[in-house]
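Subject: Structure for your study

Dear colleague,

Please find the structure below, together with its sequence.

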Amino acid sequence: MSDQTQWTDVTMPQLAESLVSATIAKWLKQPGETVEQFEPICEVITDKVNAEIPSTLDGIMGDLLAEEGQTVAVGELICRIQTKSAAPVASTGATSIAPAPQGNAQTQVQSQQGAASDQSMRGRFSPAVQTLATQHSIDLNQVTGTGMGGRITRKDVLNYVQQGGSAQAGVSEQPTATTPGQGSPFAGRQQSAVQNSTPIQNMDPAIPVRNSGIHLTEAPKAPAIEVEGGNNRSEYFIDVTPIRSAIARNMRQSVSEIPHAWTTIEVDVTNLVMLRNKIKNEFKQKEGINITYLAFLMKAVVNAIKEYPIMNSVWAVDKIIVKRDINISLAVGTEDAVLTPVIKKADQKNIAGLAREIDDLARKTREGTLKLDDMQGGTFTVNNTGSFGSILSYPVINYPQAAILTFESIVKRPVVIDDMIAVRSMANLCLSLDHRILDGVICGRFLQRIKENLEGYTLDTKLY
């Protein structure tokens, strides 16, 4: 076994079967830093969720071959790691051993010089770049842009400040720019994230954050979206993120391929409201989480699917595939995207178990820690559009599922009961269905069963 220094090429792994590329969001390790096996080396953005790529070996980080913001196809090189082992290393990200290129630094310089010849985006500045330039009194015309089309990046501005290009010695007043590692490619991203999150943090805490599907108890993270100035003050541009692109693609596919039909039904949830008011404080003390109406709705939906399993199916051209496992997708809306995390085998959980799953997914969504496994395998989607006051909506089916159900806002209405008028808590259930698989009769019966399940809750209903 030789101890000669070797270089291991690290490629973009296939994080999921359907993913063919990912975007480098942030490098967590810089050239020269020690890397341990299983330690995350970078964060990537996929069209589903954000994820971390771990190192498959111990060593020292070498060249970074992909820049932050760059979309890399599966199998393409992203970096090199220096090791002292000559033996091949097995890697889930597909690694190959090759000598370190001697002229790498020169190659990078030539690449940058070639990119500098294209100045088509020279005059387009992001708000983060403009803010940094204002803070340090920098003339952006004097800064060399290394981004695509000669565009000036946050890193370019920070490097210019480090080289003494600032007209004012006010760098010490900027904690983000003067902390250790300010020369890293993502120092500016950290600065931008703080700036972007300021409007949300300054919001009145008494005003709840708009969301759908799950009630978030605090403001979600501000979207790290690059915003660019337009040609005039009447417009600006927002770069489309991989997640937003996936949403657009899936919604277009759903609407174009699935013949949508929809139906709605009114439900009396007065008993459910009374039940929740009775047990919510005790449940909070016992479980440490809030119990929402969504847990009761989901239980009612799961029990109805058991009776009508065709609702839990997928269209496959020459056949209809009925799924045995009932995996409920939750349409969770944040400020910049709609995600559909999945509760696996929901039919095997009681109301308390569903409430715990909902709270766990809400926390992961809020913290941005959803994994790819959390997003896969859904067979039927439930949405809570009533969380932002909607009383009637037409949801788009979560392709390739057969149906999606929305739970609208609970409102008090005068209702006729036995020829007498009473004030009851009422809500609408709206169902969108794939008319290739489902028809009005089966969906009407399915909704009626959910209605009966919801109206069947009493003060004696058990959560466990």
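The model is a predicted one. I begin with a pair of helices. Helix 8, which covers residues 293–307, packs against helix 10, residues 440–455, at an angle of about 135 degrees. The axes of helix 8 and helix 10 are 9 Å apart. Angles over 145 degrees would count as roughly antiparallel and those from 65 to 115 as roughly perpendicular, so helix 8 and helix 10 are described as oblique to each other. The crossing of helix 8 and helix 10 is right-handed.

Lys451 is buried, its relative accessible area being 17%, whereas Glu455, at 30%, is partly exposed.

In general, side chains of opposite charge can pair when their charged atoms come close. The count for this model is 15 salt bridges. One of them joins Arg436 to Asp434, with the closest N and O atoms 2.8 Å apart. Arg436 is partly exposed at 30% relative accessibility, but Asp434 is buried at 0%. Another links Lys319 and Asp318, where the closest N and O atoms are 3.2 Å apart. Here Lys319 is partly exposed, with a relative accessible area of 45%, and Asp318 is exposed, with 61%.

Next comes a nonpolar area of the surface. Which residues make the nonpolar surface patch of about 420 Å²? The patch is formed by Trp262, Ile391, Leu392 and Tyr394. Trp262 lies in strand 12, which runs over residues 260–268. With a relative accessibility of 40%, Trp262 counts as partly exposed.

Finally, please look at Ile404 in strand 19, residues 403–407. Is Ile404 buried or exposed? Ile404 has a relative accessible area of 5%; because buried means under 20%, Ile404 is classed as buried. Along the chain, Ile404 and Thr379 are 25 residues apart, and their C-alpha atoms are separated by 9.7 Å.

Yours sincerely,
A colleague

Terms used
Residues numbered from 1 in each chain as written. Predicted model: local features only at pLDDT ≥ 70, side-chain atom pairs only at ≥ 80, totals over all residues. Heavy atoms only, no water. Patch = residues over 30% accessible without salt bridge, like charges linked within 9 Å, V, L, I, M, F, W, Y side chains within 5 Å. Areas by Shrake-Rupley, 256 points an atom, 1.4 Å probe, with all protein chains shown as cover. Salt bridge = Lys/Arg side-chain N within 4 Å of Asp/Glu carboxyl O. Helix = DSSP H or I, 4+ residues; strand = E, 2+ residues; numbered from the N terminus. Buried < 20%, exposed > 50% of the residue type's maximum accessible area, 1.4 Å probe, protein only. Axes fitted to C-alpha atoms, helices over the stretch in contact; angles between N-to-C directions. Parallel < 35°, antiparallel > 145°, perpendicular 65-115°, else oblique. Left-handed = near helix turned anticlockwise from the far one by under 90°.
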